[in-house]
Amino acid sequence: MPASASNRRLSLQNRIAVGLLLAAALAAVAIIVIANLRAGGEPAGADATQAQVVRDDSHRLHEAPEEKAVLVEFLDFECEACLAAHPLVEELIAEHGENLTVVSRYFPLPGHPNSGTSAAAVEAAAQQGQFQQMHALMFEKQTEWSHNAESQAETFRGYASSLGLDMTAYDAAIADPATMERINADKNDGVALDVQGTPTFFLEGRLIQPSSTEEFRSLIEAAVRD
């Protein structure tokens with residue numbers, strides 16, 4: 001492998017490793033957030049006995065033609081750790097997409113000013129069959145819009161327009177309370193499943209907490225071999 005390619009791969013792995021460590025640190029903060037949320041009463045639908053890691057209507061980032069394993073990610077589009085993990089998720093799809101289905105579920109965190117707004121934009125795009133495309137745009141451009149106290153709704157509307165969406169339908173979806181209810185349904189499952197930060201991954205229905213990209217890859221490889 002040329003030195004430049006090797007260096008790029010190492011740089012990517014370093015970013016992902018930092019992202020995983022950041023996710024662990026954010027999880028410690030998120031525990032307080034989730035605890036406070038529960039102290040005020042668990043949201044409707046957050047019954048742990050009814051919660052599901054993946055549902056029939058959960059968004060498939062990738063659906064394997066010969067599925068052997070399902071990886072589910074609870075994510076926040078404004079989360080830096082989710083951005084750092086995103087290239088690894090894409091690599092896993094490229095390497096194991098024949099057998100690995102990848103599901104994305106919304107888990108917007110209160111500390112991120114546009115996490116709910118970005119999730120609504122992605123859900124509105126999903127209603128027009130453009131979930132994967134808007135999902136990709138949110139992470140591609142995250143550093144341009146994230147952690148801004150002002151609403152980024154118009155920025156996200158611009159993304160929708162660039163994808164060629166029907167903007168009348170997009171605006172209607174954004175205004176429809178059912179869109180946020182759909183997002184909250186994902187989050188309610190996450191809270192009930194003890195998701196305490198983002199990204200949080202479940203593999204074959206079980207929570208996984210890999211401490212390195214190598215461990216993550218090993219878990220996926222073992223799952224698609226079975």
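Does Leu92 count as buried or exposed, and what is the relative accessibility behind that assignment? In the predicted model described here, Leu92 counts as buried because its relative accessibility is 1%, where buried denotes under 20% relative accessible area, exposed over 50% and partly exposed the range in between (1.4 Å probe, protein chains only).The model is a prediction in which local features require pLDDT of at least 70 and side-chain atom pairs count only at pLDDT 80 or more, whereas totals for chains, interfaces and linings use all residues. Residues are numbered from 1 along each chain as its sequence is written, and side-chain values use heavy atoms, with hydrogens and water left out.

Leu92 is located in helix α2 (residues 80-96); helices (H or I, at least four residues) and strands (E, at least two) are DSSP runs, numbered from the N terminus. Apart from neighbours within four places in sequence, Leu92 contacts Leu71, Gly97, Leu100, Phe216, Arg217 and Ile220, contact meaning heavy atoms within 4.5 Å.

Helix α6 (residues 153-162) packs with helix α7 (residues 167-175) at an angle of about 145 degrees, and their axes lie 10 Å apart. The axes are lines fitted to C-alpha atoms, for helices over the stretch in contact, and angles run from 0 to 180 degrees between N-to-C directions. At this packing, Phe156, Arg157, Ala160 and Ser161 of α6 meet Met167, Tyr170 and Asp171 of α7. By class, four nonpolar, one polar and two charged residues make up the contact of α6 with α7; Ala, Val, Leu, Ile, Met, Phe, Trp, Tyr, Cys and Pro count as nonpolar, Asp, Glu, Lys and Arg as charged, and the others, Gly among them, as polar.

Within α6, the residues Phe156, Tyr159 and Ala160 are buried. Viewed down the axis of α6, its buried residues fall within an arc of 100 degrees and therefore line one face of the helix, the arc being that of the directions from the helix axis to the C-beta atoms. These buried residues of α6 pack against α3 (115-126), α4 (131-140), α5 (142-145) and α7. The face of α6 turned away from the buried side carries the exposed residues Glu154 and Ser162. After α6 comes Gly164, with a positive phi near 80 degrees.

The mean pLDDT of the chain is 86, and 79% of its residues reach 70 or more, pLDDT being the predictor's confidence in each residue, from 0 to 100. Over residues 3-10 the pLDDT is below 50, and this stretch has three contacts in the model beyond near neighbours in sequence.
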